[in-house]
Amino acid sequence: MAQGIGIGLSQRFYEKIVAPILHENFPHLSYAAARIGLGSEILGFDSEISADHDYGPCVQLFLPATGFSTIAPDIMKRLDAGLPPSFEGWPVRYSTNVRPPAENPGSGMLGADHGAELYTVAAWCDRFWGRQFPDELTVQDWLSYSEQTFLTVTAGAVFRDDFGELTSLRRRLAYFPRDVWLYKLAAQWGRIAEERAYVGRTGDAGDDIGSRVIAGRMVGNIMRLAMLIERRYAPYPKWFGTAFSELDCASDLKPLLDRVMRAENWKGRENGLIEACRFVAELQITNGIPGAIAPKMGAINARPYQFVDSLAIFSALRSKIKDETLRQLPEFGAADQFLTSNFLLAVPAYSSAATASLFELAEDIGG
């Protein structure tokens with residue numbers, strides 16, 4: 001992953017300033033220190049322009065839940081007194097809307113006007129996910145959240161973890177279980193199948209702008225498919241193309257997608273999409289994905305619009321899913337495959353509610 005300035009800045013802030021304060025005043029304290037959560041720096045994609053808001057040296061300090069409300073105010077008092085006004089030219093005290101509140105340590109979190117934040121792991125999960133994770137995630141859980149939400153936990157960096165709770169959480173959410181992964185892969189091929197003939201049909205009808213719009217959507221679907229094949233969570237839209245460019249396959253796939261986006265007519269877009277779909281289908285075979293099959297050409301009602309038979313690939317992948325309920329689930333996929341509003345995807349409560357409704361409807365229809 002690319003490395004911006006924020007993670008390194010925060011790590012040095014912790015190691016040179018925060019850790020010494022803690023060691024001097026609380027030499028036997030068990031805690032974890034990390035930079036996770038929201039922000040471009042968590043992904044390593046931040047730059048100078050990222051620093052115009054909610055930005056500066058920052059570290060999340062995680063304490064055991066037992067005794068948090070007693071010791072957290074003392075720790076924050078020492079931090080308030082010991083932190084310098086600036087660090088490496090950056091103000092240590094700066095405004096941000098994602099800092100924990102500066103009161104009620106009984107909630108398991110405590111903040112101030114600076115970048116040293118105190119949490120329990122459970123309280124952090126409540127704040128950023130709206131829930132905790134005492135048990136393994138269910139299939140519905142895995143499908144209820146956008147991949148950008150998983151990155152709030154799994155991206156970033158952990159600088160220290162004495163009691164292992166944070167590391168355990170990151171390990172458990174590191175990537176989708178096998179069957180959920182296969183279902184998302186199959187559903188992504190289903191997304192491609194939905195509009196597989198439309199680039200040609202719209203263009204042939206004289207709707208060139210409509211053909212371009214659909215081609216752009218297809219390119220996005222193929223990019224997300226490539227992210228799934230390489231088992232990489234996709235970030236929010238601002239950084240999606242940047243993350244895609246870091247994939248192992250990007251140097252070969254990107255020129256095919258550029259060809260689609262730059263094509264002057266629908267036939268050129270169609271040919272580019274065929275080559276791109278062939279490439280990712282063959283990539284699945286190369287990567288040993290269960291159910292991966294060689295791409296075959298398809299058409300509908302003998303019309304002159306050509307495409308890779310994505311429904312055949314969808315069915316082959318789904319046949320390898322072992323979980324019976326998941327295998328029979330309609331191909332709506334996960335929240336970030338059937339929702340397009342980033343406002344909904346960025347709020348776990350909204351995306352999980354939408355997924356729960358689809359599960360209920362699927363059960364009613366299937367039952």
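**View 1. Lining of the largest cavity.** Within the lining of the largest cavity, α13 is the biggest contributor, with four residues; helices (H or I, at least four residues) and strands (E, at least two) are DSSP runs numbered from the N terminus. The structure is a predicted model, in which local features need pLDDT of at least 70 and side-chain atom pairs count only at pLDDT 80 or more, while totals for chains, interfaces and linings use all residues. Residues are numbered from 1 along each chain as its sequence is written, and side-chain values use heavy atoms, with hydrogens and water left out. On a 1 Å grid over the protein atoms alone, a cavity is a set of points where a 1.4 Å probe fits but cannot get out, a pocket is an open set with protein on both sides within 12 Å along at least five of seven lines, and lining residues have an atom within 4 Å of a point. The lining of this cavity includes Glu 270, Leu 273, Ile 274 and Cys 277, and the cavity holds about 90 Å³ of space, a volume being the space filled by probe spheres set on the points, which are joined across faces, edges and corners.

**View 2. The largest pocket.** The lining comprises 20 nonpolar, 15 polar and seven charged residues, where Ala, Val, Leu, Ile, Met, Phe, Trp, Tyr, Cys and Pro count as nonpolar, Asp, Glu, Lys and Arg as charged, and the others, Gly among them, as polar.

**View 3. The second largest pocket.** This pocket has a volume of about 420 Å³, and among its 20 lining residues Arg 224, Pro 237, Asp 336, Leu 339 and Thr 340 are closest to the centre. The largest share of the lining, five residues, is given by α10.

**View 4. The largest nonpolar core around Leu 253.** Trp 189 and Leu 253 touch the most other members of this core of 81 residues, a nonpolar core being a set of buried Ala, Val, Leu, Ile, Met, Phe, Trp, Tyr and Cys residues joined through side-chain atoms within 4.5 Å, with buried meaning under 20% relative accessible area (1.4 Å probe, protein chains only). Leaving aside residues up to four places away in sequence, Leu 253 is in contact (heavy atoms within 4.5 Å) with Ile 222, Ala 226, Phe 244, Ala 276, Phe 279 and Val 280.

Notes: Buried < 20%, exposed > 50% of the residue type's maximum accessible area, 1.4 Å probe, protein only.
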